[in-house]
Amino acid sequence: MKKITILGSTGSIGTNALKVIDAKREEFQVLGISGYSNFELLKEQIEKFNPKYICIGNEDKAEILKRMYPEKVIYFGDDGLKSMGALDEADIVLTAISGAVGIEATVEAIKKQKRVALANKETMVAAGEYINNLLKEYPKAEIIPVDSEHSALFQSMQGSGSKEVKTLIITASGGTFRGKTLDELKDVTVEQALKHPNWAMGKKITIDSSTLVNKGLEVIEAHMLFGVDYENIEVLVHPQSIIHSMVEFVDSSIIAQIGVPDMKLPIQYAFTYPNREASSELERLDLKRLKELTFDQVDSTVFKGVELAFYAGKVGKTMPCVFNSANEVAVELFLKGKIKFLQIYEIIEKAMKQHEPKEADNLEIIKKVDNETRKWVYDSYGRD
């Protein structure tokens, strides 16, 4: 029986993970769950899965949970997340929190030599160098990627060494505004940006998909996870979202991982790796119904997120952290109606231009740069 902690249980990844676990109760047990503000859903999950440990973002809500469930261990806030990541009883920690807040919980899980099922792009983007050094220090710990693209790359590379890889090919749906011009994007609304054609996701990641910043984050994460040079990473627009990513090898063979656009498969694979298992929750892809699979280049004159990420990654050091932090605040400001859609790119670019990169080899530096970048964006764009 594998005991699993789910950080971000009320989000889209977390709720899908609980469906995976529910279908295989004889194999998986929910040890702990965390939710930020969706109190009602968190209570439903507590009643259904009976976790021993619970974390919520708000201290007042934590006190209510303590009165409701006196037999359970209740945490709150960022320190609570760190405690959840460090639970001795856990076999697997699923980090499904959006944003840089998930980094420290992942660090704690690595120090406890756990398997981290990583669904938080920001961990490897902002702190990839530090995380990779930490994995060398704690060799029994491991990271299995959950993002559909990185899971696809990970699966496609099984049985092959990194020296055999020529190109990592990351696919993108193209987001809500695929094919649009800069002029057409000048005045798009939040509601329009949140209408993703293929995937049901949280607000932040849906906006990232609309700007294609999510693909930029994935480029940096792929470099950090697999040690492949940026010159050998490519992004292709694939509107059908059936091929989740591909690996081209030095002999020109290409291996792809394909399936329905559903996060439950990569979640379960991260839980059961190196084994593959059947589940009633996993939908089968009917190849006979596929009419076409198409690919195109990213229009970098309109969707600048990928190009900016390549720049940040190649500069390295703390620049990817700035890229990530600036984007997080920019998306927040867009969702609040304080900036226009295209200003997201402007904010990222200006934040990187004003930053002097530093070595990103410890968590304190990363947190300092993250905080400074956020303050700069709020001060420059967030005031009423």
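Which residues of H11 are buried? In this predicted model, the buried residues of H11 are Val213, Asn214, Lys215, Gly216, Leu217, Glu218, Val219, Ile220, Glu221, Ala222, Met224 and Phe226. That makes 12 of the 14 residues of H11, so the helix is largely enclosed by the rest of the structure. From its first C-alpha to its last, H11 reaches 20 Å, close to the 20 Å expected at 1.5 Å a residue. After H11 comes Gly227, which has a positive phi, near 70°.

Lys215, in helix H11 (residues 213-226), has a relative accessible area of 3%. Buried means under 20%, so Lys215 counts as buried. Its side chain is joined to that of Glu149 by a polar contact of 2.8 Å. Apart from neighbours within four places in sequence, Lys215 is in contact with Glu149, Ile170, Thr171, Ala172, Val235 and Val306.

Glu149 leads on to Ser148. The side chains of Ser148 and Glu149 make a polar contact of 3.2 Å. Ser148 belongs to helix H7, and Ser148 is buried, with a relative accessible area of 8%. The chain separates Ser148 from Lys24 by 124 residues, and their C-alpha atoms are 21 Å apart.

Where is Lys24 placed? Lys24 sits in the loop between H1 and E2. Its relative accessibility is 6%, so Lys24 also counts as buried. The side chain of Lys24 makes a polar contact of 3.0 Å with the side chain of Glu277. When residues up to four places away in sequence are not counted, Lys24 touches Gln268, Glu277, Ala278 and Ser279.

Helix H1 (residues 12-22) has its own set of buried residues: Ile13, Gly14, Asn16, Ala17, Leu18, Val20 and Ile21. These buried residues pack against several elements, namely strand E1 (2-7), strand E2 (28-35), helix H2 (39-49), strand E5 (92-95) and H12.

H12 also takes part in a pocket. The second largest pocket has a volume of about 460 Å³. Of the 23 residues that line this pocket, Gln257, Leu265, Arg276, Leu282 and Glu283 are the closest to its centre. Which element gives the most to the lining of the second largest pocket? H12 does, with 5 residues. Helix H7 (148-156), strand E11 (254-258) and helix H12 (264-272) each supply at least two residues of the lining. By type, the lining residues of this pocket divide into 9 nonpolar, 9 polar and 5 charged.

The loop between H12 and strand E12 (296-297) contains Pro274. The peptide bond from Tyr273 to Pro274 is cis, with omega near 10°.

Asn50, in the loop between H2 and strand E3 (53-56), has a phi near 50°. Asn50 has a relative accessibility of 52% and counts as exposed. Gln113 has a positive phi of about 60° and is found in the loop between helix H5 (103-111) and strand E6 (115-118). At 32% relative accessibility, Gln113 counts as partly exposed.

How values were computed. Residues are numbered from 1 along each chain as its sequence is written. This is a predicted model: local features need pLDDT of at least 70, side-chain atom pairs count only at pLDDT 80 or more; totals for chains, interfaces and linings use all residues. Side-chain values use heavy atoms; hydrogens and water are left out. On a 1 Å grid over the protein atoms alone, a cavity is a set of points where a 1.4 Å probe fits but cannot get out, and a pocket is an open set with protein on both sides within 12 Å along at least five of seven lines; lining residues have an atom within 4 Å of a point. Grid points are joined across faces, edges and corners, and a volume is the space filled by probe spheres set on the points. Helices (H or I, at least four residues) and strands (E, at least two) are DSSP runs, numbered from the N terminus. Ala, Val, Leu, Ile, Met, Phe, Trp, Tyr, Cys and Pro count as nonpolar, Asp, Glu, Lys and Arg as charged, and the others, Gly among them, as polar. Buried means under 20% relative accessible area, exposed over 50%, partly exposed in between (1.4 Å probe, protein chains only). A polar contact is a pair of N or O atoms within 3.5 Å; within protein, one must be able to donate a hydrogen and the other to accept it, and residues adjacent in sequence count only if both atoms are side-chain atoms. Contact means heavy atoms within 4.5 Å. The expected span of a helix is 1.5 Å times one less than its number of residues.
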